[in-house]
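Welcome! Here are some exercises to work through with the sequence and the 3D view side by side. Try each task before you read its solution.

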Amino acid sequence: MKKNVNEKEKIGPKIRKLRQIKGLSQKMFAAELSISQQAVSKIENSEIINEETLQKVSEVLGVSVETITNFDEDTAFTNIIERNEVINQRCDVVNNYDS
């Protein structure tokens, strides 16, 4: 049986805010999760979410599950920025290798 993540605050609005911070539309987010846009809307309006779905959401958003469940805008921005910097560094290495 799948466990649900149930925090004091609804999890869905936290996911919505992180998606918006990441600059993803619901349609783009749905495509990355391989689900329908309606399913994304349902997730973003949910009070609880199963752990498997939450893990997939965290991977697509590039943040930890803890960042979502303990959502704090400052922490989220820092986490996203740090991951993007790592990606940019990897791209630089690849680009320099190809030169």
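**Exercise 1. Find what share of the chain's contacts with a separation of 6 or more joins residues 24 or more positions apart.**

Step 1. Contact here means heavy atoms within 4.5 Å. Step 2. Among contacts with a separation of 6 or more, residues 24 or more positions apart account for 63%.

Before you go on, note that this is a predicted model, where local features need pLDDT of at least 70, side-chain atom pairs count only at pLDDT 80 or more, and totals for chains, interfaces and linings use all residues. Residues are numbered from 1 along each chain as its sequence is written, and side-chain values use heavy atoms, leaving out hydrogens and water.

**Exercise 2. List the elements of the chain in order from the N terminus.**

Step 1. Helices (H or I, at least four residues) and strands (E, at least two) are DSSP runs, numbered from the N terminus. Step 2. The chain has six helices and two strands. Step 3. Their order is β-α-α-α-β-α-α-α.

**Exercise 3. Describe how helix H2 and helix H3 pack.**

Step 1. Two packed helices are described by the angle between their axes and the distance between the axes. Axes are lines fitted to C-alpha atoms, for helices over the stretch in contact, and angles run from 0 to 180 degrees between N-to-C directions.

Step 2. For H2 (residues 26–33) and H3 (residues 37–44), the angle is about 100 degrees and the axes are 8 Å apart. H2 and H3 are therefore roughly perpendicular to each other (angles of 65 to 115 degrees count as such).

Step 3. H2 brings Gln26, Lys27, Phe29, Ala30 and Leu33 to the contact, while H3 brings Gln37, Val40, Ser41 and Glu44.

**Exercise 4. Decide whether Ser34 is buried or exposed.**

Step 1. Look in the loop between H2 and H3, where Ser34 is found. Step 2. Buried means under 20% relative accessible area, exposed over 50%, partly exposed in between (1.4 Å probe, protein chains only). Step 3. Ser34 has 66% relative accessibility, so Ser34 counts as exposed. Step 4. Check the backbone too: phi of Ser34 is near 60 degrees, a positive value in a residue other than glycine.

**Exercise 5. Find which residues Phe29 touches.**

Step 1. Leave out residues up to four places away in sequence. Step 2. Phe29 then touches Ile15, Arg19, Leu24, Val40, Glu44, Val57, Val60 and Leu61.

Key:
Angles under 35 degrees count as roughly parallel, over 145 as roughly antiparallel, 65 to 115 as roughly perpendicular and the rest as oblique.
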